[in-house]
Amino acid sequence: MIKVLHSCDLNLGAEMLYPQAVCDRLSQAQLSVLDTILDLATEHGVDLLVFTGNLFAHHAPEEALREAVVHRFKALPAAIRLVVLAGCYDQPLGPDSIYHHADFSPWFVDSARANGSPLNVKDGHCPVWLYTLPWQCDAGDGALGFMQRNREKGIHLGAFHSHKLKHRPNPYQDPLAHWTKAITSWQLDYVMVGNRRAGQLSNDDGQPIADCPGAPQGLSFQEPAQRYCSLVELGEAQTTCQALPCQHLRFEQCNLVLDGHGAEEKLHKILSEKASDELALQLKLHGDIEELFDVEAIAQRHRGEFVFLTMVDETHFLNSDYMTQMAQEETVRGILCRRLVEMAVDAGENQRAVYERAVRELLHRFHAVAGEAE
C-alpha cells in the first residue's frame, strides 16, 4: 500500500483585481495553504506528494516567491517523494521558466520524459509508474498501447491538468465530465486530475479511480465554500480517497431578500452575523423595498469586518408606496419621480434597472440638499 496526497491550481503569484490590502492577504493565504498541504503530507506519512499543474500562476514567478517555495520543499521529510507537474498556466516556456531552474530539478517531472521509468517511492520497494501529458490527449489505441508496454509490477498512476488538453472544459465546471471514457479506458490504478473545480470518478464498486480536489485556496467568488486537497490510499484490493480541508480564506456568495420596511436594519444584522476576518463575501440583494438606503455606505461601514466585501443591489424601489406618494407631489422632485415611474411601466429589465438607479440617485441628491438647508 502507498499513500498519495495531491493538489492543483494553487496559482502562487497570481494577479488579483482587488484592493492592495486584499491582494496581500490572499497572497499570504496561498503560502499558508501550501504550508498546510506540506504539513498534511507529513502528518499522514504519505509516500508521494503530487502537484498536478499550476502550482504557480505563470511560468516565471518572482525570485522571492520561488525561493520561498524551494525553502518549504527542502524542509519536507526525505521519505516523501515530491512531484511537481506543469499546468496550463505555468508550463515550462523558454529558458526563464521556473521549471528550468536548477532549484526545482529534484521535484519537477517533465511530462515529455516521465513515462519511461518508475518513480522512486518507498526506497524502491513499491514501484510507482506515473503517466503524464501529453499522451493523455489520445484516449485510443496509442495511449493503451503505451501503457501495455509498461505494465510492470507496481502501482500505475495517471496525472494531468484537464484545462491543458484539447477541447478544454470550463475551469469552473466538472473537470472529469469530458474525460470519463478516456480515464476508464486507460485502466490505471488511479488518476490525479488538475482543474480549479473539484470532481471525482468511481468504478462500479464505488472505489475512486480519478479525483480532482480543485484549487486548494479560492481566489474569487467563482471558487466559494471550503477547498480541499486529496489523500489517497492505494492497496492491493481497495483504494480510498479522503478530502482534507486546507484553505485559509473562504469566498462566499449569498442572495438576500429584503422586503418592505426595515431592510437597512436587516442588512446590518446579516453583515454583523457573518463578520469574519477569514471571509470574502458577496451579497446580492433582492426584493421590493419601501425605504431608500445607501448600499455603498453600508458596505463601507462593514468592510473592516471581512477580508473583502462587495454588494450587488438588485432590489426594486419604483413600485414602493413611498414612490407612489412622491409622484403625487406637484414639485420638481414629484414630477421627476412620476416621469420615471411612467417610463418604467413598459421598460425591459435592463432599462428598468437604469430607471431604478436614476430615481435613487435623484432622491439621494434631493435629501442631501434638504439636509444642508436645515
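M192 stands opposite D211 in β8. Strand β6 (residues 190-194) and strand β8 (residues 208-212) run parallel and are joined by 2 bridges. Strands here are DSSP runs of E of at least two residues, helices are runs of H or I of at least four residues, and both are numbered from the N terminus. Two strands count as paired if DSSP finds at least two bridges between them.

β6 and β8 belong to an open sheet of 5 strands, ordered β4-β5-β6-β8-β7, with mixed pairing. β4 (128-131) and β7 (199-202) stand at the edges. Each has a single partner strand, so one side of each is left without a neighbour in the sheet. On average, neighbouring strands of this sheet are turned by 15° against each other, direction ignored. Axes are lines fitted to C-alpha atoms, for helices over the stretch in contact; angles run from 0 to 180 degrees between N-to-C directions.

## Basis of the model

This is a predicted model: local features need pLDDT of at least 70, side-chain atom pairs count only at pLDDT 80 or more, and totals for chains, interfaces and linings use all residues. Residues are numbered from 1 along each chain as its sequence is written, and side-chain values use heavy atoms, with hydrogens and water left out.

## The β3–β10 sheet

Another open sheet has 5 strands in the order β3-β2-β1-β9-β10. Its pairing is mixed. The edge strands are β3 (81-85) and β10 (239-245). Each has a single partner strand, so one side of each is left without a neighbour in the sheet. Neighbouring strands are turned by 20° against each other on average, direction ignored.

Strand β9 (residues 228-234) pairs with β10 over 7 bridges, in the antiparallel sense. Y228 stands opposite P245 in β10. Helix α1 packs on this sheet and touches β1 (2-7), β2 (48-52), β9 and β10. Contact means heavy atoms within 4.5 Å. The direction of α1 makes about 150° with that of β2.

## Helices α1 and α2

Helix α1 (residues 20-43) also meets helix α2 (residues 63-74): their axes come within 11 Å and cross at roughly 15°. That makes α1 roughly parallel to α2, a term for angles under 35 degrees. The crossing is right-handed, meaning that the near helix is turned clockwise from the far one by less than a right angle.

From α1, the residues in contact are L31, L34, D35 and L38; from α2, they are L65, V69, R72 and F73. By class, this contact has 6 nonpolar, no polar and 2 charged residues. Nonpolar covers Ala, Val, Leu, Ile, Met, Phe, Trp, Tyr, Cys and Pro; charged covers Asp, Glu, Lys and Arg; the others, Gly among them, are polar.

## Helices α5 and α6

Helix α5 (residues 263-274) packs against helix α6 (residues 295-302) at about 25°, with the axes 11 Å apart. That makes α5 roughly parallel to α6. Their crossing is right-handed.

E264, L267, H268, L271 and S272 in α5 meet I298, R301 and H302 in α6. This contact has 3 nonpolar, 3 polar and 2 charged residues.

## Aromatic pairs

The structure holds 14 aromatic pairs. Rings of Phe, Tyr and Trp (its six-membered ring) pair if their centres lie within 6.5 Å; planes under 30 degrees apart count as stacked, over 60 as edge-to-face and the rest as tilted. The ring centres of Y18 and F308 are 5.1 Å apart and the planes stand at 70°, so the pair is edge-to-face. Y18 lies in the loop between β1 and α1, and F308 in strand β13 (residues 306-313), so the pair ties together parts that are 290 residues apart in sequence.

Notes: Parallel < 35°, antiparallel > 145°, perpendicular 65-115°, else oblique.
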